[in-house]
Amino acid sequence: MLIRTPKAWELPESIVTPERDYELRPRRDFLKTLGLGLAGAALGSRAGLATTAGFPSKVNPDYRDPALKPTPYEYITSYNNFYEFGMDKADPKPNANKGWKTEPWTVEIAGLVNKPIKIEANDLVEKMGGVEQRVYRFRCVEAWSMVIPWDGFPLAKLVAFADPKPEARFLRMTTFLDLKNAPGQRAGNLEYPYVEGLRLDEANHELAFIATGIYGRAIPNQNGAPLRLVTPWKYGFKCVKSIVKFEFVARQPRNTWNIMAANEYGFYANVNPNVDHPRWSQASERVIGGGGVLGSRQKTLLFNGYEKQVAGLYQGLDLKRNY
Ligand code: MTE
């Protein structure tokens, strides 16, 4: 990332909702907390939210470690990296809600699959059997972290739905291209559209997730509505937002940050405190919202704390070379 002094996200404490309002609960209760009630739910788009199918979501207890304290909603949704809408952390929230529409939204499943399809995002969510809620750690390569209650479905379900051919070994995911509504794309601050990729065994890993919501509410535009990738053992730049295409391919695809600076950002992007970024250490991280606005520091864990689950994917792989 192009590193900037953290100033834009210095939110006043007054707008941060008290911790007690962040217990995990169904969408309806959460909206009541916000004073929106059912009328507000029906008018989700007024608040800049895509009204994605599948809510209220069910908490999946297997992915809810009680030791993890979720980051307040306001931080998750106002301290963002979404270069299509600007390079400052505070840019995406206003800029992604100025007329950019994320519903309806067409998603294409293509490439080496037996079931290529173009499908509306809500219909896809229904085909995936609705949404569940999981609480995951989130670690950015810029050495800050959050804990996020995501709603969505396992990526493995989408892979099964696509029915890949035996030659398919990687999954390439592409973000929208909309020069009219995305000022960052007009300015050309990165090469667009933003693309990312996973090995197929990574895409099929139980932790790989497609998020359509946060805290039981439809995911806001600035967080990548209506569908974004979540791979909690990898740096945040892997988590491509607002996906329009899932393409199954035979060869390892390139990914946006690797295209921009290959010596700084690799394909794997696995969180690793022992492999520093050329410009800064990855040994520790700033916990956003923890211990004051600027966050306290904590040690970074290998694979972001998911070593037990994912280490098997990388047996025999030199993690220093394959960063
Ligand atoms: N996806 C797109 N399309 N464009 C981006 O600029 N930024 C990435 C990732 N996905 C990005 C993207 C980076 S660098 C991070 S850290 C996360 O999104 C940030 O997600 P958040 O804003 O929901 O915290």
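Contact here means that heavy atoms lie within 4.5 Å of each other, and the views below all come from a predicted model.

**View 1. F246 and its surroundings in the largest nonpolar core.**
The largest nonpolar core holds 85 residues, and the members that touch the most other members are W150, L155, F246 and F248. Strand β5, which spans residues 144–154, makes the greatest contribution to this core, with five residues. When residues up to four places away in sequence are left aside, F246 is in contact with V107, E108, I109, A110, L155, L158, L171, R172, M173, I210 and L227.

A search of the whole structure finds one cavity of 30 Å³ or more, and the volume of the largest cavity is about 330 Å³. This largest cavity is lined by 25 residues, of which N81, F82, R228, G236 and K241 are the closest to its centre. The elements that each give two or more residues to the lining are β4, covering residues 132–140, and β5, with β5 giving the most, namely four residues. Sorted by class, the lining of the largest cavity is made up of 17 nonpolar, five polar and three charged residues.

**View 2. An edge-to-face aromatic pair, F267 and Y268.**
Among the 22 aromatic pairs that the structure holds is the one formed by F267 and Y268, which is edge-to-face, with 5.4 Å from centre to centre and 85 degrees between the planes. F267 is buried, with a relative accessible area of 6%, and Y268 also counts as buried, at 8% relative accessibility.

**View 3. A stacked aromatic pair, F303 and Y314.**
The ring centres of F303 and Y314 are 5.5 Å apart and the ring planes meet at 20 degrees, so this pair is stacked. Because F303 belongs to the loop between β13 (296–299) and α10 (307–310), while Y314 belongs to the segment after α10, the pair ties together parts that lie 11 residues apart in sequence. Both F303 and Y314 are buried.

**View 4. An aromatic cluster that includes F82.**
One aromatic cluster is formed by F82, F85, W100, W105 and F176.

E103 and P104 are joined by a cis peptide bond, with omega at about 0 degrees, and P104 is found in the loop between α4 (92–95) and β2 (106–111). A cis peptide bond also joins A225 and P226, where omega is about -5 degrees, and P226 has its place in the loop between β9 (217–218) and β10 (228–230).

At 2% relative accessibility, Y215 counts as buried.

How values were computed
Residues are numbered from 1 along each chain as its sequence is written. This is a predicted model: local features need pLDDT of at least 70, side-chain atom pairs count only at pLDDT 80 or more; totals for chains, interfaces and linings use all residues. Side-chain values use heavy atoms; hydrogens and water are left out. A nonpolar core is a set of buried Ala, Val, Leu, Ile, Met, Phe, Trp, Tyr and Cys residues joined through side-chain atoms within 4.5 Å. Buried means under 20% relative accessible area, exposed over 50%, partly exposed in between (1.4 Å probe, protein chains only). On a 1 Å grid over the protein atoms alone, a cavity is a set of points where a 1.4 Å probe fits but cannot get out, and a pocket is an open set with protein on both sides within 12 Å along at least five of seven lines; lining residues have an atom within 4 Å of a point. Grid points are joined across faces, edges and corners, and a volume is the space filled by probe spheres set on the points. Ala, Val, Leu, Ile, Met, Phe, Trp, Tyr, Cys and Pro count as nonpolar, Asp, Glu, Lys and Arg as charged, and the others, Gly among them, as polar. Rings of Phe, Tyr and Trp (its six-membered ring) pair if their centres lie within 6.5 Å; planes under 30 degrees apart count as stacked, over 60 as edge-to-face and the rest as tilted.
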